[in-house]
Amino acid sequence: MSRGKRLTLLLAVFAVFALVLTGCEEPAKSVFDPKGSAGEKNLDLIMLSVYIMTFVFVVVMAIYFYVLIRYRQKPGDNTIPKQVEGSMKMEMFWIIIPVILLVILAIPTLTTTFTLAEKPSEEEDALRVKVTAHQYWWEFYYPDLGIKTAQELHIPAGKRVHLELTSDDVVHSFWVPELGGKQDMTPGRTNHMWLDAKEPGVYAGRCAELCGASHALMNFEVVADEQSDFDKWVAKRQKPSSEPRTAEQEAGKKVFSQNCMSCHAIEGTELKTSGGKGPDLTGFGERQKVAGLLENNDENLDKWLKHPDEIKPGTYMPSFDFLNEKDMKNLKIYLESLE
Ligand code: HEC
Ligand SMILES: [Cu+2]
(Lines give C-alpha, C1' and ligand atoms only; values in the text may rest on other atoms or scores of the structure.)
(Ligands and ions follow the chains in the order given, each with its own letter.)
Protein backbone atom coordinates (compact mmCIF):
# COMPACT_ATOMS: atom_id res chain seq x y z
CA MET A 1 0.00 0.00 0.00
CA SER A 2 1.37 3.42 -0.89
CA ARG A 3 1.92 6.04 1.78
CA GLY A 4 -0.96 8.17 0.49
CA LYS A 5 -3.38 5.27 0.60
CA ARG A 6 -2.35 4.32 4.11
CA LEU A 7 -2.92 7.85 5.29
CA THR A 8 -6.35 7.95 3.68
CA LEU A 9 -7.29 4.65 5.33
CA LEU A 10 -6.13 5.91 8.72
CA LEU A 11 -8.19 9.08 8.34
CA ALA A 12 -11.24 7.04 7.34
CA VAL A 13 -10.87 4.86 10.44
CA PHE A 14 -10.63 7.94 12.66
CA ALA A 15 -13.68 9.45 10.99
CA VAL A 16 -15.70 6.32 11.77
CA PHE A 17 -14.50 6.36 15.39
CA ALA A 18 -15.42 10.00 15.73
CA LEU A 19 -18.90 9.26 14.39
CA VAL A 20 -19.43 6.28 16.69
CA LEU A 21 -18.07 8.02 19.77
CA THR A 22 -20.09 11.19 19.37
CA GLY A 23 -23.25 9.13 18.72
CA CYS A 24 -26.05 10.27 16.49
CA GLU A 25 -28.63 10.44 19.28
CA GLU A 26 -30.28 13.44 20.92
CA PRO A 27 -28.02 16.15 22.36
CA ALA A 28 -25.53 14.53 24.70
CA LYS A 29 -26.44 14.47 28.38
CA SER A 30 -23.03 15.02 29.70
CA VAL A 31 -21.11 15.18 32.96
CA PHE A 32 -19.09 17.89 31.18
CA ASP A 33 -22.09 20.20 31.22
CA PRO A 34 -23.32 20.11 34.84
CA LYS A 35 -26.59 21.77 35.82
CA GLY A 36 -26.29 21.58 39.61
CA SER A 37 -23.78 21.89 42.47
CA ALA A 38 -23.20 18.15 42.91
CA GLY A 39 -22.61 17.83 39.16
CA GLU A 40 -20.14 20.75 39.32
CA LYS A 41 -18.20 19.07 42.11
CA ASN A 42 -18.00 15.89 40.04
CA LEU A 43 -16.72 17.85 37.05
CA ASP A 44 -14.05 19.58 39.20
CA LEU A 45 -12.73 16.13 40.14
CA ILE A 46 -12.77 14.92 36.55
CA MET A 47 -10.91 18.03 35.38
CA LEU A 48 -8.33 17.74 38.16
CA SER A 49 -7.46 14.22 37.04
CA VAL A 50 -7.47 15.28 33.38
CA TYR A 51 -5.00 18.09 34.17
CA ILE A 52 -2.72 15.80 36.14
CA MET A 53 -2.82 13.13 33.43
CA THR A 54 -2.12 15.71 30.72
CA PHE A 55 0.81 17.05 32.74
CA VAL A 56 2.28 13.55 33.16
CA PHE A 57 1.75 12.77 29.48
CA VAL A 58 3.45 15.96 28.31
CA VAL A 59 6.44 15.54 30.64
CA VAL A 60 6.94 11.86 29.76
CA MET A 61 6.65 12.53 26.03
CA ALA A 62 9.08 15.45 26.24
CA ILE A 63 11.68 13.30 28.02
CA TYR A 64 11.02 10.45 25.61
CA PHE A 65 11.64 12.50 22.50
CA TYR A 66 14.58 14.32 24.04
CA VAL A 67 16.29 11.00 24.83
CA LEU A 68 15.33 9.52 21.48
CA ILE A 69 16.96 12.35 19.56
CA ARG A 70 19.82 13.30 21.86
CA TYR A 71 21.13 9.74 22.37
CA ARG A 72 20.44 8.16 19.01
CA GLN A 73 23.24 6.18 17.36
CA LYS A 74 25.36 8.48 15.23
CA PRO A 75 26.57 7.25 11.83
CA GLY A 76 29.96 5.56 12.10
CA ASP A 77 29.87 5.43 15.92
CA ASN A 78 29.82 1.77 17.02
CA THR A 79 30.90 2.16 20.62
CA ILE A 80 28.60 0.71 23.29
CA PRO A 81 27.31 3.43 25.62
CA LYS A 82 27.89 3.30 29.37
CA GLN A 83 25.67 0.57 30.87
CA VAL A 84 23.77 1.64 34.00
CA GLU A 85 22.13 -0.89 36.32
CA GLY A 86 19.98 0.46 39.11
CA SER A 87 20.03 4.04 40.27
CA MET A 88 18.69 4.82 43.72
CA LYS A 89 18.35 8.48 42.80
CA MET A 90 16.31 7.83 39.64
CA GLU A 91 14.13 5.20 41.29
CA MET A 92 13.26 7.44 44.23
CA PHE A 93 12.51 10.16 41.71
CA TRP A 94 9.90 8.14 39.84
CA ILE A 95 8.36 6.68 42.98
CA ILE A 96 8.02 9.94 44.88
CA ILE A 97 6.55 12.01 42.04
CA PRO A 98 3.62 9.61 41.37
CA VAL A 99 3.00 9.36 45.13
CA ILE A 100 2.73 13.15 45.32
CA LEU A 101 0.40 13.21 42.31
CA LEU A 102 -1.79 10.50 43.85
CA VAL A 103 -2.03 12.44 47.12
CA ILE A 104 -3.03 15.57 45.17
CA LEU A 105 -5.78 13.47 43.52
CA ALA A 106 -6.84 11.55 46.61
CA ILE A 107 -7.50 14.44 49.01
CA PRO A 108 -10.17 16.25 46.93
CA THR A 109 -11.61 12.93 45.72
CA LEU A 110 -12.18 11.69 49.27
CA THR A 111 -13.49 14.98 50.64
CA THR A 112 -15.86 15.42 47.67
CA THR A 113 -17.08 11.83 47.92
CA PHE A 114 -17.94 12.33 51.60
CA THR A 115 -19.47 15.76 51.00
CA LEU A 116 -21.76 14.39 48.31
CA ALA A 117 -22.96 11.60 50.62
CA GLU A 118 -23.58 13.96 53.57
CA LYS A 119 -27.14 14.24 54.86
CA PRO A 120 -28.30 17.87 54.68
CA SER A 121 -28.92 19.29 58.18
CA GLU A 122 -32.39 19.49 59.75
CA GLU A 123 -32.45 23.31 59.57
CA GLU A 124 -31.79 23.33 55.86
CA ASP A 125 -35.16 21.74 55.23
CA ALA A 126 -33.97 19.86 52.14
CA LEU A 127 -36.54 17.82 50.26
CA ARG A 128 -36.28 14.16 51.27
CA VAL A 129 -36.96 11.41 48.71
CA LYS A 130 -36.62 7.69 49.17
CA VAL A 131 -35.62 6.11 45.88
CA THR A 132 -36.07 2.38 45.40
CA ALA A 133 -34.73 0.71 42.29
CA HIS A 134 -36.53 -2.27 40.82
CA GLN A 135 -35.84 -4.34 37.73
CA TYR A 136 -36.34 -2.11 35.62
CA TRP A 137 -38.07 0.88 37.10
CA TRP A 138 -37.72 3.58 39.74
CA GLU A 139 -39.92 4.27 42.72
CA PHE A 140 -39.89 7.72 44.32
CA TYR A 141 -41.42 8.17 47.77
CA TYR A 142 -41.59 11.57 49.48
CA PRO A 143 -41.97 10.62 53.17
CA ASP A 144 -42.66 14.17 54.37
CA LEU A 145 -45.29 14.81 51.71
CA GLY A 146 -46.91 11.37 51.59
CA ILE A 147 -46.46 11.05 47.82
CA LYS A 148 -45.43 7.95 45.94
CA THR A 149 -44.63 8.04 42.24
CA ALA A 150 -42.51 6.30 39.62
CA GLN A 151 -40.17 7.00 36.70
CA GLU A 152 -40.27 10.80 37.14
CA LEU A 153 -38.52 12.45 40.05
CA HIS A 154 -40.06 15.89 40.58
CA ILE A 155 -37.94 18.39 42.49
CA PRO A 156 -37.99 22.15 43.05
CA ALA A 157 -35.14 23.93 41.22
CA GLY A 158 -32.56 25.65 43.39
CA LYS A 159 -33.17 23.47 46.44
CA ARG A 160 -31.09 20.61 47.75
CA VAL A 161 -32.71 17.21 47.53
CA HIS A 162 -31.65 14.49 49.92
CA LEU A 163 -31.93 11.05 48.36
CA GLU A 164 -32.08 7.82 50.33
CA LEU A 165 -31.22 5.13 47.86
CA THR A 166 -31.98 1.45 48.11
CA SER A 167 -32.93 -1.49 45.91
CA ASP A 168 -35.70 -4.05 45.98
CA ASP A 169 -33.87 -6.79 44.09
CA VAL A 170 -30.33 -6.60 42.66
CA VAL A 171 -27.67 -3.88 42.75
CA HIS A 172 -28.56 -0.83 40.67
CA SER A 173 -26.91 2.58 40.51
CA PHE A 174 -28.48 6.04 40.49
CA TRP A 175 -27.05 8.42 37.91
CA VAL A 176 -28.20 11.76 36.50
CA PRO A 177 -25.18 12.82 34.40
CA GLU A 178 -25.96 16.54 34.57
CA LEU A 179 -26.90 16.60 38.26
CA GLY A 180 -25.00 13.92 40.14
CA GLY A 181 -24.27 10.31 41.03
CA LYS A 182 -23.33 7.63 40.49
CA GLN A 183 -24.38 6.01 43.74
CA ASP A 184 -24.95 2.30 44.24
CA MET A 185 -28.37 1.05 45.27
CA THR A 186 -27.95 -2.15 47.24
CA PRO A 187 -30.74 -4.33 48.64
CA GLY A 188 -30.97 -4.13 52.43
CA ARG A 189 -28.88 -0.98 52.68
CA THR A 190 -29.57 2.73 52.36
CA ASN A 191 -27.00 4.97 50.67
CA HIS A 192 -27.29 8.72 50.85
CA MET A 193 -26.58 11.41 48.31
CA TRP A 194 -27.83 14.88 47.52
CA LEU A 195 -28.22 16.89 44.37
CA ASP A 196 -29.83 20.06 43.15
CA ALA A 197 -30.78 21.56 39.80
CA LYS A 198 -29.90 25.22 39.42
CA GLU A 199 -32.44 25.82 36.67
CA PRO A 200 -35.85 24.31 35.94
CA GLY A 201 -35.64 21.62 33.28
CA VAL A 202 -35.86 17.93 32.53
CA TYR A 203 -32.71 15.91 33.20
CA ALA A 204 -32.15 12.37 31.97
CA GLY A 205 -31.40 9.65 34.53
CA ARG A 206 -29.94 6.19 34.02
CA CYS A 207 -29.18 3.04 35.90
CA ALA A 208 -25.40 2.75 35.95
CA GLU A 209 -24.97 -0.81 37.16
CA LEU A 210 -25.63 -3.83 34.96
CA CYS A 211 -28.76 -5.25 36.57
CA GLY A 212 -30.34 -7.59 34.01
CA ALA A 213 -31.66 -7.85 30.48
CA SER A 214 -33.25 -4.39 30.41
CA HIS A 215 -30.55 -2.57 32.34
CA ALA A 216 -29.85 -0.22 29.44
CA LEU A 217 -33.57 0.63 29.23
CA MET A 218 -33.92 1.51 32.91
CA ASN A 219 -34.33 5.21 32.29
CA PHE A 220 -35.96 7.91 34.35
CA GLU A 221 -36.27 11.67 34.34
CA VAL A 222 -35.67 14.37 36.88
CA VAL A 223 -38.20 17.14 36.40
CA ALA A 224 -37.04 20.33 38.13
CA ASP A 225 -39.74 22.99 38.45
CA GLU A 226 -39.92 26.47 39.92
CA GLN A 227 -40.92 26.14 43.58
CA SER A 228 -44.47 27.37 42.87
CA ASP A 229 -45.00 24.80 40.09
CA PHE A 230 -43.53 22.12 42.29
CA ASP A 231 -45.98 23.06 45.06
CA LYS A 232 -48.83 22.76 42.57
CA TRP A 233 -47.60 19.32 41.54
CA VAL A 234 -47.43 18.27 45.21
CA ALA A 235 -50.96 19.50 45.86
CA LYS A 236 -52.22 17.55 42.88
CA ARG A 237 -50.40 14.39 43.86
CA GLN A 238 -51.80 14.66 47.38
CA LYS A 239 -55.34 15.01 46.04
CA PRO A 240 -55.24 13.04 42.79
CA SER A 241 -58.16 12.96 40.44
CA SER A 242 -58.55 9.24 39.90
CA GLU A 243 -62.27 8.55 39.82
CA PRO A 244 -63.86 7.94 36.40
CA ARG A 245 -65.85 10.82 34.90
CA THR A 246 -67.28 9.06 31.84
CA ALA A 247 -68.83 5.67 31.13
CA GLU A 248 -65.73 4.59 29.19
CA GLN A 249 -63.45 5.50 32.08
CA GLU A 250 -65.78 3.67 34.44
CA ALA A 251 -65.55 0.54 32.28
CA GLY A 252 -61.76 0.94 32.06
CA LYS A 253 -61.50 1.15 35.82
CA LYS A 254 -63.34 -2.15 36.05
CA VAL A 255 -60.91 -3.82 33.64
CA PHE A 256 -58.10 -2.43 35.78
CA SER A 257 -59.54 -3.76 39.02
CA GLN A 258 -59.90 -7.23 37.49
CA ASN A 259 -56.41 -7.46 35.96
CA CYS A 260 -53.89 -5.09 37.39
CA MET A 261 -54.36 -4.65 41.12
CA SER A 262 -52.07 -7.44 42.18
CA CYS A 263 -49.19 -5.17 41.18
CA HIS A 264 -50.42 -1.59 40.71
CA ALA A 265 -52.17 0.87 43.02
CA ILE A 266 -54.04 4.06 42.17
CA GLU A 267 -54.42 6.54 45.02
CA GLY A 268 -57.72 8.34 45.34
CA THR A 269 -59.68 5.16 44.60
CA GLU A 270 -60.29 1.89 46.40
CA LEU A 271 -57.67 0.34 44.04
CA LYS A 272 -55.02 0.21 46.72
CA THR A 273 -54.48 -3.45 47.37
CA SER A 274 -51.23 -3.32 45.45
CA GLY A 275 -48.70 -6.00 46.15
CA GLY A 276 -46.27 -3.29 45.10
CA LYS A 277 -44.57 -5.31 42.36
CA GLY A 278 -45.32 -2.57 39.83
CA PRO A 279 -45.15 1.24 39.83
CA ASP A 280 -47.86 3.29 41.49
CA LEU A 281 -50.02 4.57 38.63
CA THR A 282 -51.59 7.57 40.38
CA GLY A 283 -51.57 10.49 37.93
CA PHE A 284 -50.28 8.27 35.12
CA GLY A 285 -51.94 10.43 32.44
CA GLU A 286 -49.57 13.27 33.36
CA ARG A 287 -46.36 11.28 33.07
CA GLN A 288 -44.17 12.21 30.10
CA LYS A 289 -43.21 8.62 29.37
CA VAL A 290 -44.57 5.10 29.44
CA ALA A 291 -42.27 2.90 31.54
CA GLY A 292 -39.78 5.76 31.62
CA LEU A 293 -38.91 5.04 28.00
CA LEU A 294 -41.58 5.74 25.36
CA GLU A 295 -43.47 8.95 24.84
CA ASN A 296 -46.78 8.71 26.72
CA ASN A 297 -49.41 8.39 23.99
CA ASP A 298 -52.14 5.94 23.00
CA GLU A 299 -50.03 3.99 20.53
CA ASN A 300 -47.13 3.41 22.92
CA LEU A 301 -49.42 2.58 25.83
CA ASP A 302 -51.08 0.01 23.58
CA LYS A 303 -47.70 -1.54 22.73
CA TRP A 304 -46.67 -1.58 26.36
CA LEU A 305 -49.86 -3.21 27.66
CA LYS A 306 -49.95 -5.85 24.93
CA HIS A 307 -46.27 -6.82 24.88
CA PRO A 308 -44.24 -5.12 27.63
CA ASP A 309 -41.46 -7.70 27.23
CA GLU A 310 -40.91 -6.55 23.65
CA ILE A 311 -40.12 -3.11 25.02
CA LYS A 312 -38.27 -4.16 28.17
CA PRO A 313 -37.07 -7.77 27.92
CA GLY A 314 -37.29 -9.53 31.27
CA THR A 315 -39.88 -7.17 32.81
CA TYR A 316 -42.21 -8.58 35.49
CA MET A 317 -45.18 -6.96 33.82
CA PRO A 318 -47.16 -9.70 32.01
CA SER A 319 -48.60 -9.29 28.49
CA PHE A 320 -52.26 -8.32 28.26
CA ASP A 321 -52.72 -9.16 24.59
CA PHE A 322 -55.69 -11.35 25.55
CA LEU A 323 -57.95 -8.42 26.51
CA ASN A 324 -60.64 -7.75 23.91
CA GLU A 325 -60.44 -4.56 21.90
CA LYS A 326 -63.16 -2.74 23.80
CA ASP A 327 -61.73 -3.54 27.22
CA MET A 328 -58.27 -2.47 26.06
CA LYS A 329 -59.61 0.80 24.68
CA ASN A 330 -61.50 1.64 27.87
CA LEU A 331 -58.52 0.66 30.02
CA LYS A 332 -56.26 3.06 28.10
CA ILE A 333 -58.85 5.84 28.33
CA TYR A 334 -59.04 5.35 32.09
CA LEU A 335 -55.24 5.29 32.52
CA GLU A 336 -54.77 8.46 30.49
CA SER A 337 -57.52 10.20 32.50
CA LEU A 338 -55.56 9.82 35.74
CA GLU A 339 -54.26 13.19 36.92
C1 HEC B 1 -47.29 -9.10 37.82
C2 HEC B 1 -47.32 -7.69 38.08
C3 HEC B 1 -48.02 -6.75 37.12
C4 HEC B 1 -49.31 -6.80 36.65
C5 HEC B 1 -50.38 -7.83 36.97
C6 HEC B 1 -49.49 -5.62 35.84
N7 HEC B 1 -48.34 -4.89 35.79
FE8 HEC B 1 -48.08 -3.12 34.88
N9 HEC B 1 -46.15 -3.05 35.47
C10 HEC B 1 -45.53 -4.02 36.23
C11 HEC B 1 -44.15 -3.69 36.38
C12 HEC B 1 -43.11 -4.48 37.14
C13 HEC B 1 -43.95 -2.48 35.68
C14 HEC B 1 -42.65 -1.70 35.53
C15 HEC B 1 -42.02 -2.10 34.25
C16 HEC B 1 -40.74 -1.36 33.96
O17 HEC B 1 -40.80 -0.18 33.62
O18 HEC B 1 -39.70 -1.98 34.04
C19 HEC B 1 -45.24 -2.12 35.13
C20 HEC B 1 -45.44 -0.95 34.38
C21 HEC B 1 -46.69 -0.53 33.96
C22 HEC B 1 -46.95 0.72 33.31
C23 HEC B 1 -45.94 1.84 33.06
C24 HEC B 1 -45.91 2.69 34.28
C25 HEC B 1 -45.11 3.94 34.21
O26 HEC B 1 -44.92 4.54 35.24
O27 HEC B 1 -44.67 4.35 33.14
C28 HEC B 1 -48.28 0.76 33.04
C29 HEC B 1 -49.04 1.89 32.39
C30 HEC B 1 -48.84 -0.48 33.49
N31 HEC B 1 -47.84 -1.25 34.04
C32 HEC B 1 -50.16 -0.82 33.37
C33 HEC B 1 -50.69 -2.05 33.76
C34 HEC B 1 -52.06 -2.41 33.54
C35 HEC B 1 -53.10 -1.53 32.90
C36 HEC B 1 -52.21 -3.68 34.03
C37 HEC B 1 -53.45 -4.54 33.98
C38 HEC B 1 -54.03 -4.70 32.69
C39 HEC B 1 -50.91 -4.08 34.58
N40 HEC B 1 -50.02 -3.07 34.37
C41 HEC B 1 -50.66 -5.28 35.22
C42 HEC B 1 -46.12 -5.14 36.79
C43 HEC B 1 -47.43 -5.55 36.56
CU1 LIG C 1 -30.71 -1.14 37.17
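Okay, hi everyone. Before I start: the model is predicted, so please keep that in mind as we go.

Let's begin with ligand 1. It has 28 residues around it, and the closest are Cys260, Cys263, His264, Arg287 and Met317. What does that shell look like by class? There are 18 nonpolar residues, six polar ones and four charged ones. The shell also takes at least three residues from each of two domains: domain 1, which is 25-74 + 85-238, and domain 2, which is 247-337. If you're looking at secondary structure, strand S11 (289-290), helix H6 (298-306) and helix H8 (325-337) each supply at least two residues of the shell. The largest share comes from H6, with three residues.

Now the iron atom of ligand 1. Which protein atoms are its donors? They are NE2 of His264 and SD of Met317, lying 2.0 Å from the iron. These two bring together distant parts of the chain, being 53 residues apart. His264 sits in the loop between helix H5 (247-259) and S11, while Met317 sits in the loop between helix H7 (308-311) and H8. His264 and Met317 are both buried. And why do we call this arrangement octahedral? Because the six donor atoms around the iron subtend angles of 87 to 177°; the rule for six donors is that opposite ones are over 155 degrees apart and all others lie between 65 and 115.

There are some polar contacts to ligand 1 as well. A polar side-chain atom of Gln151 is 3.5 Å from an oxygen atom of the ligand. The backbone gets involved too: Tyr136 puts an N or O backbone atom 3.2 Å from a ligand oxygen, and for Ala291 a backbone N or O atom is 2.5 Å from one.

Tyr136 is in the loop between strand S1 (127-134) and strand S2 (137-142), and the peptide bond joining Gln135 to Tyr136 is cis, with omega at about 0°. Ala291 is in the loop between S11 and strand S12 (294-295). Its phi is near 60°, a positive value in a residue other than glycine. Is Ala291 buried or exposed? It's buried, because its relative accessible area is 9%, and the cut-off for buried is under 20%.

Last, a few spots elsewhere on the chain. Ser242 is in the loop between helix H4 (227-238) and H5. With a relative accessible area of 2%, Ser242 counts as buried, and a polar atom of its side chain lies 2.6 Å from the backbone oxygen of Glu267. There's also a cis peptide bond between Gly181 and Lys182, again with omega at about 0°, and Lys182 is in strand S7, residues 180-185. Finally, Asp125 has a positive phi, near 60°, and you'll find Asp125 in the loop between helix H3 (88-116) and S1.

That's it from me, thanks.

Terms used. Residues are numbered from 1 along each chain as its sequence is written. Chains are lettered from A and ligands numbered from 1 in the order in which they are written. This is a predicted model: local features need pLDDT of at least 70, side-chain atom pairs count only at pLDDT 80 or more; totals for chains, interfaces and linings use all residues. Side-chain values use heavy atoms; hydrogens and water are left out. A residue is near a molecule or strand if one of its heavy atoms lies within 4 Å of it. A polar contact is a pair of N or O atoms within 3.5 Å; within protein, one must be able to donate a hydrogen and the other to accept it, and residues adjacent in sequence count only if both atoms are side-chain atoms. Helices (H or I, at least four residues) and strands (E, at least two) are DSSP runs, numbered from the N terminus. Ala, Val, Leu, Ile, Met, Phe, Trp, Tyr, Cys and Pro count as nonpolar, Asp, Glu, Lys and Arg as charged, and the others, Gly among them, as polar. Domain bounds come from an automatic or database domain assignment. Donors are N, O and S atoms within 2.8 Å of the metal (3.2 Å for Na, K and Ca); water is not among the atoms, so sites may look incomplete. Four donors count as tetrahedral if all angles lie between 85 and 135 degrees; four count as square planar and six as octahedral if opposite donors are over 155 degrees apart and all others between 65 and 115; anything else is irregular. Buried means under 20% relative accessible area, exposed over 50%, partly exposed in between (1.4 Å probe, protein chains only).
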